[in-house]
Amino acid sequence: MAYVEWLHKGGLEREAVGGKGASLSHLLAAGFAVPLGFAVTAAGYQRFEEASGVGERIRRLLTDSPPSDAAGFRSVAGSIQAWVEKASLPADLRSEIADAYDSLVAMTGVACAVRSSALSEDGVGASFAGRKSMTATSGPGMDLKSEILGLATIAELPLVVLNVQRGGP
């Protein structure tokens, strides 16, 4: 199964790569100047969730102790983030993401930024578009663990990786 979808292939579906990834792929297909990039799919996150056991832990936590106030939601979110940060990527997922990143750097010749985007962050009933985590790398290679999954919680995946095509500080 493919856990990475290239934005320049065009026509990616929101359910697979999130609203940001899908929109960027459609803009590229329409000829707009959008940096090259790829998205880690929802299937990629599901693979991680199943292999690491994080998904089952989250389901158990939300079933056994559903949060009922702001403090409860913060506690649950903190637990989930800690589990995600401690879990390991399965080798097949890690390899596919690393290969895609290396290909992207080879195509463009520059380092890339990593942007986390939820599947429905700008959909009906949601109001947090653009308010999730982002991290970047300025050198060759990246630490997938800290730069991708370490910044994420269950609601923030899949991730969109975009090439930065302007000079930085």
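Author: Contact here means heavy atoms within 4.5 Å of each other. The model is predicted.

Reader: How many of the residues count as buried, as a percentage?

Author: Of the 169 residues of the chain, 40% count as buried. The accessible surface comes to about 8,800 Å², and carbon and sulfur atoms hold 53% of that surface.

Reader: Why are helices α3 and α4 called roughly antiparallel?

Author: The axes of α3 (residues 54-64) and α4 (residues 70-86) cross at roughly 165 degrees. Angles over 145 degrees count as roughly antiparallel, and therefore α3 and α4 are roughly antiparallel to each other. Their axes come within 10 Å, and α3 passes α4 in a right-handed crossing.

Reader: Which residues make the contact of α3 with α4?

Author: On α3 they are Val54, Arg57, Ile58, Leu61 and Leu62. On α4 they are Val76, Ser79, Ile80, Trp83 and Val84. By class, this contact has 8 nonpolar, 1 polar and 1 charged residues.

Reader: What makes Arg57 the charged residue and Ser79 the polar one in that contact?

Author: Arg is listed with Asp, Glu and Lys as charged.

Reader: How do you know whether Ser79 is buried, partly exposed or exposed?

Author: Ser79, which lies in helix α4, has a relative accessible area of 25%. Buried means under 20% and exposed means over 50%, so Ser79 falls in between and is partly exposed.

Reader: And what makes Ala87 buried?

Author: Ala87 has a relative accessible area of 9%. That is under 20%, so Ala87 is buried. Its place is in the loop between α4 and α5 (91-108). The C-alpha atoms of Ala87 and Gly53 are separated by 8.4 Å, although the two are 34 residues apart along the chain.

Reader: Why is α2 called roughly perpendicular to α3?

Author: The axes of α2 (residues 42-52) and α3 cross at roughly 80 degrees. The range from 65 to 115 degrees counts as roughly perpendicular, which means that α2 is roughly perpendicular to α3. These axes come within 5 Å.

Reader: Which residues of α2 and α3 meet?

Author: Tyr45, Phe48, Glu49 and Ser52 in α2 meet Val54, Gly55, Ile58 and Arg59 in α3. The residues of this contact divide into 4 nonpolar, 2 polar and 2 charged.

Terms used
Residues are numbered from 1 along each chain as its sequence is written. This is a predicted model: local features need pLDDT of at least 70, side-chain atom pairs count only at pLDDT 80 or more; totals for chains, interfaces and linings use all residues. Side-chain values use heavy atoms; hydrogens and water are left out. Axes are lines fitted to C-alpha atoms, for helices over the stretch in contact, and angles run from 0 to 180 degrees between N-to-C directions. Helices (H or I, at least four residues) and strands (E, at least two) are DSSP runs, numbered from the N terminus. Angles under 35 degrees count as roughly parallel, over 145 as roughly antiparallel, 65 to 115 as roughly perpendicular and the rest as oblique. A crossing is left-handed if the near helix is turned anticlockwise from the far one by less than a right angle, and right-handed if clockwise. Buried means under 20% relative accessible area, exposed over 50%, partly exposed in between (1.4 Å probe, protein chains only). Accessible areas come from the Shrake-Rupley method with a 1.4 Å probe; for residues, only the protein chains shown count as cover.
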